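Take a moment with the sequence and the 3D view before reading on.

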Amino acid sequence: MTTAAETLRVQNLVKSFGGRRVLDDISFSVRRGEILVIMGGSGCGKSTLLRHLIGVLKPDSGEIWIEGEETTRMKNDSLARVRRKFGMLFQSGGLLNSMTVGENVALPIKEHSRVDDNIASLMVKMKLELVGLTGFENLRPAEISGGMKKRVGLARAIALDPTILFSDEPTSGLDPVMTAVVDTLTLDLVHKLGMTAVVVTHDMTSAFRIASKMIMLFQGKIIAQGTPDEIRASDNPVLKQFVDGQADGPIPLRLSKGDYLKHLIG
Amino acid sequence: MNAVADYLSLVGRAIFWLAFGPFRRKPVRSAAVFTQLTLLGIRSIPMIALLSFFMGLVLAMQSAYQLSKLGANDYVAFLTTVAFFREIGPLFAAIVLASRCGSAITAELGTMKAAEEIEALEVMAIDPVRYLVSPRLLAVTLIMPSLAIIADFTGSFGGWVFGTASLGMDSTHYINLAVDSLVQKDILTGLCKAIIYAVLVSTIACYHGMAVTGGAEGVGRATTASVVSSLIAILSADVVMTAAFYVFV
């Protein structure tokens, strides 16, 4: 169960792909108005964890509670009801390529609320203004850059003022100014509108700027969790190497070391 | 067996949304239906008309080859017209639809699947079956009877061209023979087949598109599989329906 203040609770989540444990006994909780940052290197399972949270993947065991409802065993209808409280920003934007930018942002508005077309287009303009893309309504996703697609994705994710915002790498591929804009926007949404945010990232500057709570995934396990200050102060060598961005340390780089020649020649 | 169950569940859900969507305040988008009607239906007309016309000419020639030996040229008009209205018109329209539109539907939905657009729809709590499959099913089913009738008439026109130009039959005489040869049952069974073909082609194409795995290569594989299984389904359904009409109607 989630307690009154808890928006999201994950309990003992386990998932294996082909005999390899990608998520190994993951448990954490997020309270209303918190920003949880999930960190970890490439392939550590953070995107898989996010896909479980949004109900696309089903775990082998474990529970996910969102606003007091257990979602891993839900049928499509109930899951759709819970998903209406979500906003999800996909890593590549997840835009529908056959529609214009404006139509993409308008999609959840038109599907889930009964508003007049004029109001919908006004809402679209407001959301695009928030992500700095005023005037781009009539372009198609193929005609804008990767960073812009991501911002359109964010505008669409927050179109219906969701209770929980999930962001997959919201700032990768953005310039420093836009990164700051997206970070400030996430903070504003959480502090002013009372949203809860779960952000997957490996951009450390951005992570420490927005996080109220952080968890670090390593080889499918949570190796550290706490406030940004606790994470900074931690002496866990894996965490230190990741946060400081050092090449040497306990995180395997999958580079062949001494037997390089042998490996090359076979 | 799993694939058949998945396919049937897809068809069931698509029909469910068409039938009950409006009552759950989630109607199938009429704008999407009209777009698909134009893309899939209207633009297939030239190809269906041309192929049926050629087929009409060929059928008339082949039957005249036999019938003229018996001095029974009049039967060319009967045979061509009845064959088109009962069988060849709907079948040709369905074959063109499967190769032209079925492949397009599979490629489009498959690309959306590969680009995670379908997953994005699901996460936005928009049922992809209602949003993508139902409009295509409805559009193809609505337009198919018209396409079959166009194929019927252009095919019969092909027979008329051969009959009047080569067999020297009088135009009015040919048309009278053709009209007299038809009974209501011929037209209705033809249209009945057309509707079943439409449901098969559109849902098989959507099923293969939604089942794509693994990028561009997967889309290519699914498109081939879609056209092949549509053609097999069309002709199997044809055998079953023709037998049923032969026995019961």
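In chain A, take the contacts between residues at least 6 apart in sequence: 64% of them join residues at least 24 apart. For chain B, the corresponding share is 84%. Keep in mind that this is a predicted model.

**Chain A as a whole**

- Chain A holds 10 helices and 10 strands.
- Its C-alpha trace spans about 65 × 40 × 40 Å along the principal axes.
- Chain A has 266 residues, and a compact globule of that length would have a radius of gyration near 18 Å. The value for chain A is 20 Å, which agrees.
- Of the 266 residues, 52% count as buried.
- The accessible surface of chain A is about 12,700 Å². Carbon and sulfur atoms account for 52% of that surface.
- Chain A carries 33 positive and 30 negative side chains. The centres of these two sets are 4 Å apart.

**Chain B as a whole**

- Chain B has 9 helices and 0 strands.
- Its pattern along the sequence reads α-α-α-α-α-α-α-α-α.
- The C-alpha trace of chain B spans about 70 × 40 × 35 Å along its principal axes.
- Chain B has 249 residues, and 50% of them are buried.
- Its accessible surface comes to about 11,400 Å². Here 71% belongs to carbon and sulfur atoms.
- Chain B has 15 positive and 15 negative charges. Their mean positions lie 7 Å apart.

**Aromatic pairs**

- Over all chains, the whole structure contains 9 aromatic pairs.
- One of them joins Phe86(A) and Phe166(A), whose ring centres are 5.0 Å apart. Their planes meet at 70°, and planes over 60 degrees apart count as edge-to-face, so this pair is edge-to-face.
- Phe86(A) sits in strand β6 (residues 86–89) of chain A, and Phe166(A) sits in strand β7 (residues 164–168) of chain A. The pair therefore ties together parts that are 80 residues apart in sequence.
- Phe166(A) has 0% relative accessibility, so it counts as buried. The cut-off for buried is under 20%.
- Phe53(B) and Phe54(B) form another pair, with ring centres 6.1 Å apart. Their planes are at 45°, so this pair is tilted.
- Phe54(B) has 43% relative accessibility, so it counts as partly exposed.
- Ring pairs link Phe53(B) and Phe54(B) with Phe157(B) and Trp160(B) into a cluster.

**Helix α1 of chain A**

- Helix α1 of chain A covers residues 46–53. Of its 8 residues, 6 are buried, so the helix is largely enclosed by the rest of the structure.
- Which residues of α1(A) are buried? They are Lys46(A), Thr48(A), Leu49(A), Leu50(A), His52(A) and Leu53(A).

- Asp25(A) is not a glycine, yet it has a positive phi of about 55°.
- Strand β2 (residues 20–31) of chain A contains Asp25(A).
- Asp25(A) has 43% relative accessibility, so it counts as partly exposed.
- Glu116(B) also is a residue other than glycine with a positive phi, here near 60°.
- Glu116(B) lies in the loop between α4 (74–114) and α5 (117–123) of chain B.
- The relative accessible area of Glu116(B) is 33%, so this residue is partly exposed.

**A loop residue in chain A**

- Where is Ser172(A) found? Ser172(A) is in the loop between β7 and α6 (176–193) of chain A.
- With a relative accessible area of 31%, Ser172(A) is partly exposed.
- Ser172(A) and Pro162(A) are 10 residues apart along the chain. Their C-alpha atoms are separated by 23 Å.

Terms used
Residues numbered from 1 in each chain as written. Chains lettered and ligands numbered in written order. Heavy atoms only, no water. Helix = DSSP H or I, 4+ residues; strand = E, 2+ residues; numbered from the N terminus. Rg over C-alpha atoms; globule rule 2.2 N^0.38 Å. Buried < 20%, exposed > 50% of the residue type's maximum accessible area, 1.4 Å probe, protein only. Contact = heavy atoms within 4.5 Å. Areas by Shrake-Rupley, 256 points an atom, 1.4 Å probe, with all protein chains shown as cover. Lys, Arg positive; Asp, Glu negative; His and termini not counted. Charge placed at Lys NZ, Arg CZ, Asp CG, Glu CD. Phe/Tyr/Trp six-rings, centres within 6.5 Å; stacked < 30°, edge-to-face > 60°.
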